[in-house]
Amino acid sequence: MRLKQLQQMHPVQTHYRLYKSGKNWCAVLVTLVGGSCLGATLLVQPITANAATTSVLTTTASAATTATTSIGAASAESTSIPASAVATSAASATSTPASAMTTSASSAPDLTNSTVPASTAATSLATNSTPVSTASAAVSLTSNSTSQKTSVSVASSGGTVANSTAASATSSDVVPDTTIVTFGDTGIASAVQTALGVTGPITVGELRNYKQSVLSVGTDNNILTVTGSLSGMQYLQYLPAKTTVQLVTKYLSPDIDLTPLIPVHFSEIGIMIQNMAAVNLAPLLKTDPSQINEIQLISSVIADNSDYQKNSEGLTNAQLAELGPWLTAIDENDMNKSFNFNEGSLTDFSPLSGFTKMAYIVAVGQRVNVAQPVNLVTGQPAVFAPMPIIGLQGESLTSKYEVTWNGTNPAPAGPSQTPLTKLADGRFEIPTAYQAVPNADWFTYGFHGLVNFNGNRADFIQAQYPNNITLRYDSMIYQLANWQVAPQVYIRYINPTTKQVIQPYTINPGTTIGSTYDFTKLTQLANYRFLPATSSSPTGAYTQDPQYLTFNFAKAPVSAGGLTVNYVDPVGQEIAPSTTLTGQVGDVYSSTPIAVKNYVYRQLASTSLAASGTLPLKAGEIIYQYAPISLQRTITYLDTTTQRVLASATITGNYQSTVSDPTLAAIKHYQTAGYDLVSNDFPATTSPFATPELTRTYTVKLVHRLVTLQPTAKLPASVSLTRVIAQTISFKTATGQVLAPSIKQQVSFERTAVIDQVTGVIQYSPWRATVAPELAAVTVPQLANYRANLARIAPIEVNAASPDVNETVIYQPKSGTVAVHYQLAGTNQSLATTKLLTGNADHPFTATAPIIAGYQLAANQSAMITGDYPAGTEMIHFDYVRVPEQLMTSKAVTKQAVARTTIKPLVTSATSVTSLVAQHDQAGKYQLPQTSERRSGSIWGILGLTLIGLIGGLRHRKGQ
């Protein structure tokens, strides 16, 4: 499965072909011999089969003849032949052309530059499969489709392994077909549903009625990832006896229970788990081995080669030994068998020594950690005894090691593989050893590997055993290493009589392994005599392993350096005068502590020499350590704002005694009074008596708490932090009549205040305007018919001390003139002198028509016109007509009726008004700023409008 995945990757196609090629030449040879034997057998013995009844296949052969079954061409899809293919191939074996088996078996073919099409592999599978016949084992398969009972027995010359599921199968008699099967993993459930062709719940009946020879739970090309449990797999025992299960799965955790697999009949078991070493594989021992043709226990779930020779937690030797009997039983069945143990941690294949039939065993990409360290010198040759590799027959394959991962100096972009040199004594040598990566505490040795196969068979191990049993293997061993910069010699200097060390040992590095050394000079020590008879030789050669030499010396009489006896407190301060002990080296000395006032003796200091002993060559010290009896501590509370000491307190206690912190309550009191804590050097986490000083002073520093008040905060009644300078502009007449809404604007000022919480003193900041400190200029509004005494109010700069500003704009009414003109209707002929009426704008005026001899008002002319004075000049007209002759002589009409109307007159032409005004200006009576004209309303027009209103009202009412 693992290498089948690799085959799909272009960079490792050669790798996969090598993996498969080991079986090809065996297949050809076996096909030739087996085909001949089978043909002879078929000529003399008819073949009968009854699929509807119990079928028995028993194959035997003479001890001198061995026949095996092989796939005729390497297939990228499978390394094993299903049991069904082996069972059914006999019918077609007699028709196999001899030309289909012409491959020479004299040597393994080189498939480095060749490929085999998948179609060729499929054809070969269909035509070249033959039943297996061996002399070393007999296999009996008995099936009964009606009882659902299966019994399997495997007999081998090397031992007997029996696994019977008859008892569990018998229980199926009481399991109804309607029983619903629940799987502990959705992927397994989906795979079984797909195989059965169902979409709903799976029942035991559907399993019993399965028609195919193999039910696949994952395939080599579509490995099933199991995220749940294998619960429910045990129900696959109810498949028909002729049906086997192909299980190809990977798991993300080693905590997988394989127990549900026990009663199932498998043709393939594939398990991929990264940490295979942690998996309990014991349940596999109870599964039926009789129909299994492929076992894959791969210690990786990664599809590419990133785990190759890198997983140190793969399948172990102990696990392989545990599985050995079961794997041997699988080998004894009449299947083409392959065993895949890739990415494991295997070095011992002797548990498979019972294999006697054709088998293909692949264990590439192994990684093993070895804890036994090896001494290596960087840049020097390195010799080591390698980890043993044991083959199937217990033989040693250790001599096959090929390369090591090696760095260089200076280090390149990455390590490279360096060939190993095999020595005659079975050890290996690295010509020049470097750490593969910086600071590595290991080194490696192993093989280039099958994945990296470049045509050199030494890249991996291929071991051939009788009956076409093949083992392909490669590994990389990671062993602990003690990397040394240079070869080392350590020398110890000992007085053998007293067993004392005369001086510290020395390290004496060399240059190269094999170079000589001479340490004769180091045998000369002052006041000592070298003892060569009991010492190591001072000459020799540097080796890969560090060497430890011992130089023994006898003492010569010499004055001792002297011992100074010191008396100190716990921190090393002297509390009494020191004394000195003198004599010869080796003389016995003895000293005792003395009494020191206010102190009590505790112990010798950790750096002190013993209180008694023999005088050494070098000077030394005896240090007696004392502790004070009672300590005094003073606490001062300082006002840092005024530099005044607020209070002080004294506490006493024994050295290293504990006491509650007395400053906490005092600080809280001062904080309530308005202080803030600046610092407190009184120890908060340790005792003030932890140090041995007899007296010590601690200071608690306090400062007046200053609280800054902002204008937006809630303020005391006595504090004002805002000021508003307001301006109000009113618009009135001289009599106080308000003509327009007042205009108001203001400038706000703010400041902050700082209150001393201890003294209560308040300090203010300067006032600051929130906007520009100016009352903006105001343009006085122009009102119709009025004149203001100001056109603009200038801007005013203000500050927080400025008073409020009140301004009043006074408006005077504008005067107006109405020119009354009397003229002959329909002409510009004036019948009387124009009369000028003057008054304040918007005040009422009344103009009446005089009686003019020989004339009367026109029919549509009113005798009285009223209105309001304009802000300028207007003109109104009274239109007259001539009185007819008969009316002139008649006395009937003596006076024209006067009717009052208020109609806005028509405006005359500007020329006539201007002329009129000019005339009055010359007379010095009037000034007319503007001109307009009014005419009296027409009575006919009024009557017409009235009639239209009446008609509209009638239509409106009729519409209702």
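Q: Tyr624 first: buried or exposed?
A: Tyr624 is buried, at a relative accessible area of 2%. Buried means under 20% relative accessible area, exposed over 50%, and partly exposed in between, with a 1.4 Å probe and protein chains only.

Q: And what does Tyr601 count as?
A: Tyr601 is partly exposed, with 31% relative accessibility.

Q: What should I know about the source before going on?
A: This is a predicted model, where local features need pLDDT of at least 70 and side-chain atom pairs count only at pLDDT 80 or more, while totals for chains, interfaces and linings use all residues. Residues are numbered from 1 along each chain as its sequence is written, and side-chain values use heavy atoms, leaving out hydrogens and water.

Q: OK, how many aromatic pairs are there?
A: The count is 31 aromatic pairs. Rings of Phe, Tyr and Trp (its six-membered ring) pair if their centres lie within 6.5 Å; planes under 30 degrees apart are stacked, over 60 edge-to-face, and the rest tilted.

Q: Give me one of them. What is the geometry of Phe447 and Tyr473?
A: Phe447 and Tyr473 are edge-to-face, 6.2 Å centre to centre with 80° between the planes. Phe447 is in the loop between β18 (442–446) and β19 (461–465) and Tyr473 is in strand β20 (residues 469–484), so the pair ties together parts 26 residues apart in sequence. Strands (E, at least two residues) and helices (H or I, at least four) are DSSP runs numbered from the N terminus. Both Phe447 and Tyr473 are buried.

Q: Which cluster are they in?
A: Ring pairs link Phe447 and Tyr473 into a cluster with Phe349, Phe384, Tyr401, Phe428, Phe443 and Tyr445.

Q: Switching to helix α11: which residues are buried?
A: In α11 (residues 663–672) the buried residues are Thr663, Ala666, Ile667 and Tyr670. Down the axis of α11 these fall within an arc of 100°, so they line one face of the helix. The arc is taken from the directions from the helix axis to the C-beta atoms.

Q: What is exposed on the other side?
A: Leu664, Ala665, Lys668, His669 and Thr672 are exposed there.

Q: And what covers the buried residues of α11?
A: The cover includes β33 (631–639), β34 (644–653), β35 (675–680) and β36 (695–704), where contact means heavy atoms within 4.5 Å.

Q: What comes just after α11?
A: Gly674 does, with a positive phi of about 110°.
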